[in-house]
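Here's a quick tour of a protein model to go with the picture below.

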Amino acid sequence: MAKPPVPVEDLAETYGPHLNYAPPGGWQDESVHPAEKLVKTHCCFCGQQCGIQLKVRGNQVIGFEPWEEFPFNRGMLCPKGVKRYLQGNHTDRLLEPLLRTDQGFRPATWEEALDFTARRLRAIQERYGRDAVAVYGGASLSTEKSYLLGKFARVALGTRHIDYNGRLCMVSAGTAYKLAFGVDRSTIPWSDIPKAQVLFVIGANIGDCAPITADYIWRCRDSGGRLIVADPRMTPISRNADLYLPVRPGTDLALLMSMLHVILRDGLEDRRFIAERTVGFEVVEVSVRNYDPRIAAEMTGVPPEAIEKAAHWFARAERAIAMHARGLEHHSKGVENCLAVINLVLATGKIGREGCGCTMITGQGNGQGGREHGQKCDQLPGMRHLEDPEARRHVARVWGIQPDQIPQAGYTAEEIMEAIHRGEIKGLLSICFNPLVSLPDANFTREALDRLEFLGIIDFFLSETAQHADVVLAGSLQEEEEGVGCTAEGRVVHIRKAVDPPAHARGDTDIIVDLAHRLGKGQHFPFRSPRDVFEELREASRGGIADYYGITYEKLDQQMGVFWPCPTLDHPGTPRFFEDLRSFHADGKFHFQETLWRDSGDPVDADFPVYLTTGRVVSQYLSGTQTRRIGALVDQYPEPRVEIHPRLAEQHGIRDGDWVTVTTRRDQITLQAMVVRTIRPDTVFIPYHWPGRRSANRLTHRTLDPRSKIPEFKVSACRLQKAAGPEAAPDDRAARRNGASGGAR
Amino acid sequence: MFGYEFYVDPSRCIGCRSCLQACEECETHRGHSMIQFDFLDRPNTIGTAAYVCWHCDEPTCAQVCPADAIKKGEDGIVHSSLKPRCIACNNCVLACPFGIPKMMEPQQQMMKCDMCYDRTSEGKRPMCATVCPSQALAYVRPEQVAARREKPVNVFYFGNQRITTKVYMMVSLERDAVVLDVADYIWEEGREAVASRQ
């Protein structure tokens with residue numbers, strides 16, 4: 001049973017999170033021992049994948065320098081990018097494999113740890129069947145590692161069950177884009193954003209979660225563009241919104257369908273585009289008939305005039321772009337929400353031209369690249385569908401196996417955790433994923449982890465999930481292996497290796513390849529470097545949707561990244577989709593999709609009358625495994641707070657800074673209130689980056705979108721109560737200052 | 001850098017504090033940030049503002065310095081106090097109308113933004129303006145800023161004190177100066193204060 005061997009507070013004493021403030025050698029050291037080289041690479045945090053130069057001395061990253069020539073961010077960085085270098089030389093860093101004992105963890109040799117891992121995985125598969133072992137991947141992995149992991153699960157382990165934490169990110173958009181366009185990628189490069197006359201941003205906290213994109217939006221406004229922002233909270237970009245739509249959580253679909261209703265009612269649709277380039281319009285036309293703005297206003301809390309104005313602005317503009325992110329996608333109707341955006345874009349013919357289109361703002365580090373080449377449960381490399389016989393033949397040939405040896409589609413991320421909970425899956429190998437913090441209903445996740453017969457973790461820090469592990473294989477940071485990533489734009493970029501993994505830590509690629517050898521499948525894993533993996537990936541993706549065949553590391557350097565698809569070596573890449581007005585579907589048409597309203601999976605009622613929505617802050621990244629260890633980032637926003645409108649706060653006698661207990665149908669947590677007029681009075685917001693008693697995901701629920709299987713993080717029902725003080729929180733005592741006056745090691 | 005100017009536009013600020021974090025990475029004062037950052041009124045707005053030293057043409061900090069420790073270069077940059085001269089009296093800290101100078105207690109020296117003198121003298125842009133994701137802090141050529149919605153001004157009134165500066169503030173098109181008068185914020189009988197009108 002994979003329970004933490006000792007209280008997690010004791011593990012935290014040793015493994016952190018501790019806070020690192022200063023570079024190796026201390027703040028003054030660089031003036032004495034300057035950097036030896038600058039490595040041009042990309043930030044490891046968030047889907048923007050900003051270009052950055054890492055200062056390297058010896059085998060340590062000691063700082064950064066902006067990389068102004070990289071065209072996407074031109075030197076710009078958010079605070080996470082500025083401070084990212086502090087995670088390499090960190091006292092919490094895992095420097096050797098760990099095996100669990102009754103007293104905690106003990107160091108092990110690689111031979112021992114890898115033998116143990118392979119033996120346990122094999123034993124479980126022999127006893128319970130191949131599918132009793134699942135693999136979790138992560139979207140912060142390089143594309144090579146993502147590809148390798150998919151192949152490892154299917155070829156070395158032969159299990160159906162591999163999925164990744166991108167399932168918690170933009171899969172609703174991915175599903176919708178595949179249905180409508182036949183391809184899962186932003187339809188535009190970011191350089192189109194300043195060219196639009198209207199930007200419609202819905203469910204995207206760009207200021208906190210994609211900060212560099214703010215500059216693109218402001219440049220659009222400089223050229224006279226108008227900005228529409230729909231969000232239950234006034235997020236930083238709403239300060240310059242020309243129209244702000246305070247949509248009630250879970251009702252985006254009604255807003256979007258009503259906008260289409262207005263467009264059709266007022267004859268603003270592009271009849272010619274619809275007739276010549278699309279299919280399915282008639283059904284959509286009927287489906288929005290009842291969404292009069294008055295009705296939608298009651299559902300959404302957005303004034304009918306504002307809905308009409310948004311519809312008119314979007315439709316009448318010659319060039320307009322719709323931008324959306326997790327706020328639209330984290331719903332049990334997340335796919336419908338995204339389809340409704342696409343329907344707006346298609347009905348007004350805003351696609352395939354400069355300054356036109358729609359984009360999901362992919363959130364995770366390699367959120368785009370990580371979902372293209374085979375760590376998704378239903379996909380093979382090249383964004384091929386796992387059940388497509390031609391795709392299976394092609395990939396099986398590249399892999400040197402028979403097509404029927406490729407397992408069928410398995411469970412998605414949350415479904416894997418549920419299968420663990422009910423005892424169907426007994427063993428889990430997880431890399432770059434911290435489900436205990438990032439999956440919904442964290443108590444359920446903890447129960448499930450406790451029931452595993454074997455939990456193997458590959459990671460560079462002992463995350464909260466890794467505290468449950470039987471074995472922890474000390475892996476590599478992004479800057480410790482070469483590879484590629486794909487940005488939110490669809491631009492494939494070259495991640496250069498800056499340093500070797502420290503001490504006895506190893507590259508993730510080597511660890512996975514060694515495990516494959518121990519599982520008796522070494523002949524399929526002849527890789528000696530990430531470059532070898534990339535060369536095979538090029539072949540495996542060839543002819544697929546996400547075709548990387550024409551991409552090489554050298555070409556990425558020369559062109560500052562290449563937009564896929566790039567089918568041949570002389571192909572320049574594809575920044576903007578559909579310039580020939582053909583979709584990726586076989587018929588070349590854009591497919592309107594019907595959207596049907598349904599309620600959230602955790603509806604508000606008399607007992608739980610307030611909406612709870614969750615999200616991110618600018619200084620933290622995802623489950624915080626990395627950013628909760630960087631002192632300057634922690635200081636910027638040390639603890640999660642509950643954002644409450646004064647009207648709601650007053651009802652409960654809550655003042656700014658008071659402790660508040662937030663209770664949902666799952667659990668309760670107690671945090672300090674932040675009383676602000678920048679959130680709807682019927683809604684509270686809590687950021688989710690923290691574990692234990694500060695974990696917003698103890699409150700969220702496991703309702704999934706039926707198609708994308710994304711959890712409904714953005715709407716739960718809760719109630720509030722003023723509390724006398726914090727709950728005793730022993731699990732957080734390790735988060736204290738360390739290394740404030742010098743290097744952390 | 002020749003032909004480049006510094007522009008501050010609080011209306012573009014997204015509150016990310018990248019400037020603060022990056023400033024303390026600069027080699028001449030590593031570990032200390034010289035950026036000023038404020039939430040304007042968090043209970044009521046998400047508005048934030050980040051700003052650097054304005055580098056006054058006639059710097060008040062230097063005028064009030066009894067030790068003649070604060071120097072303005074020919075390029076218009078007002079520097080941190082000269083360590084051998086500075087007596088850590090805090091006159092500059094108290095007198096600066098913008099609240100820029102900081103007294104560094106351990107070394108008993110006033111330090112302030114010098115617009116990344118070490119970087120600009122090597123042809124690099126200042127750190128904060130390079131990283132700023134929303135370009136609320138920008139170090140660019142005037143023609144680039146001319147394309148913006150706002151216009152640059154470098155005339156400030158603090159009561160009757162008129163200050164002209166090297167750094168520009170972006171303001172709405174109808175304004176020619178930034179005027180701040182405490183009197184506007186004081187409640188007097190028969191006259192509502194500006195603050196309560198907002």
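What is the mean pLDDT of chain B, and what share of its residues reach 70 or more? The mean pLDDT is 91, and 94% of the residues of chain B get to 70 or more. Keep in mind that this is a predicted model, scored at ipTM 0.94 and pTM 0.95.

- Over residues 193-198 of chain B, pLDDT stays under 50.
- For that stretch, the model has seven contacts beyond four places in sequence.

**The sheet in chain A**
- Chain A has an open sheet of seven strands, and reading across it you get the order S6-S5-S19-S18-S17-S7-S8, with mixed pairing.
- At the edges sit strand S6 (104-107) and strand S8 (162-164) of chain A, each of which pairs on one side only.
- On average, neighbouring strands of this sheet are turned by 20° against each other, direction ignored.
- A bit of background: strands of a sheet pair through backbone hydrogen bonds, either parallel or antiparallel.
- For a parallel case, look at strand S17 (residues 427-431) and strand S18 (residues 454-459) of chain A, which pair over five bridges.
- Within that pair, Ser430(A) stands opposite Ile457(A) in S18(A).
- Helix H5 (residues 143-157) of chain A packs on the sheet, where it touches strand S7 (133-137), S8 and S17 of chain A.
- The direction of H5(A) makes about 175° with that of S7(A).

**Helix H1 of chain A**
- Which residues of helix H1 (residues 8-15) of chain A are buried? They are Val8(A), Leu11(A), Ala12(A) and Tyr15(A).
- Looking down the axis of H1(A), you'd see its buried residues fall within an arc of 105°, so they line one face of the helix.
- The spacing idea behind this is handy: an α-helix has 3.6 residues a turn, so residues three or four places apart point the same way.
- Just after H1(A) comes Gly16(A), with a positive phi of about 85°.

**Where the two chains meet**
- The contact takes 39 residues from chain A and 28 residues from chain B.
- On the side of chain B that touches chain A, the elements giving two or more residues are helix H1 (18-23) and helix H5 (127-131) of chain B.
- H1(B) provides the largest share of that side, three residues.
- By class, the side of chain B that touches chain A has 11 polar, nine nonpolar and eight charged residues.

Key: Residues are numbered from 1 along each chain as its sequence is written. Chains are lettered from A and ligands numbered from 1 in the order in which they are written. This is a predicted model: local features need pLDDT of at least 70, side-chain atom pairs count only at pLDDT 80 or more; totals for chains, interfaces and linings use all residues. pLDDT is the predictor's confidence in each residue, from 0 to 100. Two residues are in contact if their C-beta atoms, placed from the backbone, lie within 7 Å. Two strands pair if DSSP finds at least two bridges between them. Helices (H or I, at least four residues) and strands (E, at least two) are DSSP runs, numbered from the N terminus. Axes are lines fitted to C-alpha atoms, for helices over the stretch in contact, and angles run from 0 to 180 degrees between N-to-C directions. A residue is buried if 20 or more other C-beta atoms lie within 10 Å of its own, exposed if 12 or fewer, and partly exposed in between; C-beta atoms are placed from the backbone. The arc is that of the directions from the helix axis to the C-beta atoms. Ala, Val, Leu, Ile, Met, Phe, Trp, Tyr, Cys and Pro count as nonpolar, Asp, Glu, Lys and Arg as charged, and the others, Gly among them, as polar.
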